[in-house]
Amino acid sequence: MSQEFSVTINIAPGKEITLAAGKLAQLANGSCTVRQGDTVVFSAACSGEAKKGQDFFPLQVDYREKYSAAGKFPGGYVKREGRPSDKEILICRMADRPIRPLFPEGFYDEVQVCGLLLAADGVNDGDVLSMLGASCALCLSDLPFQGPIGAVRVGMINGEFIANPTIQEMAVSDLELVYAGLPDKVIMIEGEAKELPEDVLENAMRFANEVVKKQCEAQLELVAKVGRPKKTPELHLVPEDFNSTMIALLQDKMEGACLIPGKEDRGAALDALKNLCIEKMHDEFAEKYGDEEFDFFLGVAFDKYTRATIRKAILEKGYRPDGRTTTQIRPLSAEVGVLPVVHGSALFQRGETQALVIATLGGPKDAQETDLIYGGTETKRFYLHYNFPNYSTGETGRIAGPGRREIGHGNLAERSVAQVVPKDFPYTIRCVSEIMASNGSTSMASVCGATLALMDAGVPIKSPVVGISCGLVTDDNGAELLLTDIIGAEDHFGDMDFKVCGTEDGITGFQLDLKLPGISIDTLARAMKQNKIARSEIHQVVRNCIAAPRAEVSPRAPQMEVIHINPDKIGALIGTGGKNIKEITESTQSQVDIQDDGSVSILAGNKAILEEVKRKIQFYTAEAEIGKIYRGLVKTIKDFGAFVEILPGQDGLLHISEMANYRVDRVTDICKEGDYVSVKVVDIDRSGKIRLSRKAALEDLDKKK
């Protein structure tokens, strides 16, 4: 039996995380379990050889939640989990981003990190535990991982920060910050906030950093007990003679090509320089190293030299590829109502980046439901889908469903905008962002476009939400330069992509990606302030386009209203075998959703149909009122009178003495079963029995004449 070693981390009073290794998956390069409460996550790291000619680091992070972890069966016919859910994909991305920068340059071995939820207590979520487990498994392995990192979720309730809050605590938290980093260096953040100021987010990061320090210390302690010796990695680097020859050939040409403003023109100029390298260098170096190695060396060296040139121009000369200053936003434009038929539409453009966003309104049945591993379902009545087609970059490629990037970008935009959608707005809302052209910050364009489309559709959002990205360029001497609104080249060749979204009152969503092995929280705080200034400019553009949400929902949208009935009348509304509700929905082509508390949501094609549905519902659920006249159906004849149905399921007694203003000898002289008669409710006793009068009804009707 293998021996298990463990360490425990006290992240808060009464809250512990336990890291353990040495017992499971000993054939992996490194493996561990992470436990908080009774939630347990397993992580394993494995590696393979680099593929010949490959010029990138093929890191793959996977995370899966199995229903067996919660003692449950998967829903549906097939009792086996299928493709990863959106939640699992988002967790994969959160674990990938902080560990990727911590491998050495030129290391191209295939690395897989797999996370698996083994036990779920329904109190502690497994996502940040999986991120911590990924770091721990890599540290324990023989792979050249330059960690460890820590990972923690920070919530805020009543102004107090909470480390790794429970699922129940997160439901009432004003902040969700997922933080990963080295001690005193942040590598990745992601989350949402309820319009909080920048200093609150900064303080939350400093709070998280103290937890990260403890986590890193514990991982090093575990590595000392059971970690494998690190192997010397094979690094695929460009030979110095190749690199120096290429630089000598391009040094008076590269800067000019890199600083051409247009993306397409800049790409063409760089392609021309690359072709020049092939023409002048191929024969010599292909003979020396081989054709495959030549192609590999040229790809890596050319990209690295392009990156160095752009970074040097930015840092030393204040140049940017498109000619802007470091704090200048690209030209902005915004339009609404750009499409017919749809409920709301907007086109938002920043420079060459263009997002067309469509808003669709629906009823409760259009909500997105997700099965929760702990039991029950989660219902979303606002969701945003992001699509990034090949034509947006002027390229061809495989056409498939949404990938991890699309799901991640859509989630960031959705979380940021959801903060301003009223909770009591009865509609289900779907926004679809179609990226028409991409040159950086398409997710932030989607946020702006979604805001505009919602306002165009008449959704009474609290305040417009806009987003902007801030970049960073550094050098080996410690110089740092922040860049507002980065384009694709600055994202590719720079060190940071820090997206922040918010209203005029505060931050609603954020996400940080780094290529560096960490930056200071102070630098990120400066970026937030620079970002806030830029957002105010975008807010003005949005307000100039559409000052406020339209007064009413789009006439193209279905009409919706929520009415309330006596819960005791739900059965009467539904009818025997659903007869009544089926008649209403089929005759009006509407949707009617009934809740146990008596709330009835109506979704109809137009206002006239909406009123018709309401009339039918009121017919089936109305209660008899003393003094009101009804046109009732005679159901039963007795010697002493007749029982008349005045409302569905509600009968009253029409006594023979109340049938006319003269003596009636036989009930059948006045009515028979199946007849309709006008009657007035004259009394309802405590038991609910109703007394009717045809005589009083006729008198009242005569007076009205």
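In which helix is the place of Glu612? Glu612 belongs to helix α15, which covers residues 607-621; helices (H or I, at least four residues) and strands (E, at least two) are DSSP runs, numbered from the N terminus. The model is predicted, so local features need pLDDT of at least 70 and side-chain atom pairs count only at pLDDT 80 or more, whereas totals for chains, interfaces and linings use all residues. Residues are numbered from 1 along each chain as its sequence is written, and side-chain values use heavy atoms, with hydrogens and water left out.

**Accessibility and contacts**

A residue is called buried under 20% relative accessible area, exposed over 50%, and partly exposed in between (1.4 Å probe, protein chains only). Glu612 has a relative accessible area of 30%, so it is partly exposed. Its C-alpha atom is separated by 10.0 Å from that of Ser587, which is 25 residues apart from Glu612 along the chain. His409, in helix α9 (residues 404-418), counts as buried because its relative accessibility is 10%. Contact means heavy atoms within 4.5 Å. When residues up to four places away in sequence are not counted, His409 touches Arg93, Tyr386, Thr442 and Ser443.

**Aromatic rings**

Rings of Phe, Tyr and Trp (its six-membered ring) pair if their centres lie within 6.5 Å; planes under 30 degrees apart count as stacked, over 60 as edge-to-face and the rest as tilted.

| Pair | Centre distance | Plane angle | Class |
|---|---|---|---|
| Phe103 and Phe145 | 5.5 Å | 50 degrees | tilted |
| Phe285 and Tyr289 | 6.4 Å | 0 degrees | stacked |

Phe103 lies in the loop between α1 (86-99) and β6 (110-119), and Phe145 in the loop between α2 (127-140) and β7 (150-157); the pair, 42 residues apart, links distant parts of the chain. Phe103 and Phe145 are both buried. Phe285 and Tyr289 both lie in helix α7 (residues 263-289), four residues apart, which is about one turn of the helix. Phe285 counts as buried because its relative accessibility is 1%, whereas Tyr289 is partly exposed at 27%. Ring pairs link Phe285 and Tyr289 with Tyr108, Phe242, Phe294, Phe296 and Phe297 into a cluster.

**Strands**

Strands of a sheet pair through backbone hydrogen bonds, either parallel or antiparallel. Two strands are said to pair if DSSP finds at least two bridges between them.

Strand β20 (residues 496-502) is mostly covered, as seven of its seven residues are buried. On one side of β20 the buried residues are Met496, Phe498, Val500 and Gly502, and on the other Asp497, Lys499 and Cys501. β20 pairs with strand β18 (residues 466-474) in the antiparallel sense over seven bridges, and Gly471 stands opposite Asp497. Seven bridges also join β20 to strand β21 (residues 507-514), again in the antiparallel sense, with Lys499 opposite Gln511. A hairpin of four residues connects β20 to β21.

Elsewhere, five strands with mixed pairing form a closed barrel in the order β25-β26-β27-β29-β28.
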